[in-house]
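Please look through the sequence and the structure shown below before reading on.

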Amino acid sequence: MTPRTTPATPRTTRGTRTTRTTRTTLVAAIAVASALALAGCGSSGGSEKAGSSKEQVAADAKPRLDVTGGYMPEPVTKDMAGGFLTVTNKGGADKLTSVTSDVSKSAEIHETVGQKMKKAKSFDIPANGTLKLERGGNHIMFLELKKMPKKGDKIAVELHFEKSAPVKAELEVMDPTHNPNSH
Ligand SMILES: [Cu+2]
């Protein structure tokens with residue numbers, strides 16, 4: 001008949017208090033970090049208007065693209081040939097929207113879905129990332145070749161992007177089975 005005490009209650013209260021204190025400290029720390037970040041932005045931008053710091057970041061996020069490792073496996077028919085390369089980006093996001101070349105009547109960008117390939121509108125080039133066109137995946141498709149490219153030939157192409165200026169690149173014609181990833 002003795003009334004039971006509940007020792008759990010005070011402990012819970014203390015626990016809640018501790019959590020609250022930690023959260024407050026964390027919020028304060030974040031506030032300090034944000035203030036430092038903003039200060040850093042303003043001084044490097046050289047602008048006195050606080051409101052322009054956002055525009056500064058957007059301007060800095062210009063894509064910086066580099067195209068490497070371009071190749072074309074020697075085609076077996078004049079109907080089509082594949083092209084592969086890597087676009088490295090040291091800036092903000094961009095998109096590969098098309099490829100042009102004198103080697104064929106037309107060129108498309110293709111993605112591979114399951115076993116089939118289909119025409120793509122564009123390929124994303126992530127900020128500070130890479131776009132890889134490789135066998136079994138995204139690729140350039142040259143349709144109706146004007147002449148048969150032979151191993152060792154260099155195929156001039158021009159890549160077009162959503163934001164960046166066009167970039168000229170060369171695809172080296174390699175063995176029909178060439179695949180840099182299989183080594
Ligand atoms: Cu294709």
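## Confidence in the model

Over residues 32–59 the pLDDT stays under 50, and for this stretch the model has 10 contacts beyond four places in sequence. Another stretch, residues 6–16, also has a pLDDT that stays under 50, and here the model has 0 contacts beyond four places in sequence.

This is a predicted model, and its confidence can also be stated for the protein as a whole. The average pLDDT of the protein is 79, and 67% of the residues score at least 70.

## Overall make-up

The protein has 183 residues, of which 18% count as buried. Its secondary structure comes to 2 helices and 10 strands, and, read from the N terminus on, the order of these elements is α-α-β-β-β-β-β-β-β-β-β-β.

## Pairing around strand β2

Strand β1 (residues 65–73) and strand β2 (residues 80–89) run antiparallel and are joined by 5 bridges, while a hairpin of 6 residues leads from β1 to β2. Within this pairing, Tyr71 has Phe84 of β2 as its bridge partner.

Strand β2 also pairs in the antiparallel sense with strand β8 (residues 139–145), over 4 bridges, and here the bridge partner of Met80 is Leu143 in β8. With strand β7 (residues 130–133), β2 forms a further antiparallel pairing over 4 bridges, in which Leu85 stands opposite Leu133 of β7.

## Pairing around strand β3

Which strands pair with β3? One of them is strand β9 (residues 154–161), which pairs with β3 in the antiparallel sense over 5 bridges, and in β9 it is Leu159 that stands opposite Val99. Strand β6 (residues 123–125) is joined to strand β3 (residues 94–101) by 3 bridges, and these two strands run antiparallel; Lys95 has Asp124 in β6 as its bridge partner.

## The nonpolar core

The largest nonpolar core has 21 residues, and those with the most contacts inside it are Met72, Leu96, Val99, Ile140, Ile155 and Leu171. At least two residues of this core come from each of β1, β2, β3, β4 (104–113), β8, β9 and β10 (167–174). In soluble globular proteins, nonpolar side chains tend to be buried together.

What does Met72 touch, once its neighbours within four places in sequence are left aside? Met72 is then in contact with Ala81, Gly82, Gly83, Pro149, Ile155, Leu171 and Val173. Ile155 and Leu171 are named with Met72 among the residues that have the most contacts inside the core.

## A residue in a loop

Ser164 lies in the loop between β9 and β10. Is this residue buried or exposed? Ser164 counts as buried because 20 other C-beta atoms lie within 10 Å, and the cut-off for a buried residue is 20 or more such atoms.

Leaving aside neighbours within four places in sequence, Ser164 is in contact with Pro63, Leu65 and Asp94. Ser164 and Arg64 are 100 residues apart in sequence, yet their C-alpha atoms are 7.9 Å apart in space.

Note on methods:
Residues are numbered from 1 along each chain as its sequence is written. This is a predicted model: local features need pLDDT of at least 70, side-chain atom pairs count only at pLDDT 80 or more; totals for chains, interfaces and linings use all residues. Two strands pair if DSSP finds at least two bridges between them. A nonpolar core is a set of buried Ala, Val, Leu, Ile, Met, Phe, Trp, Tyr and Cys residues joined through C-beta atoms within 7 Å. A residue is buried if 20 or more other C-beta atoms lie within 10 Å of its own, exposed if 12 or fewer, and partly exposed in between; C-beta atoms are placed from the backbone. Two residues are in contact if their C-beta atoms, placed from the backbone, lie within 7 Å. pLDDT is the predictor's confidence in each residue, from 0 to 100.
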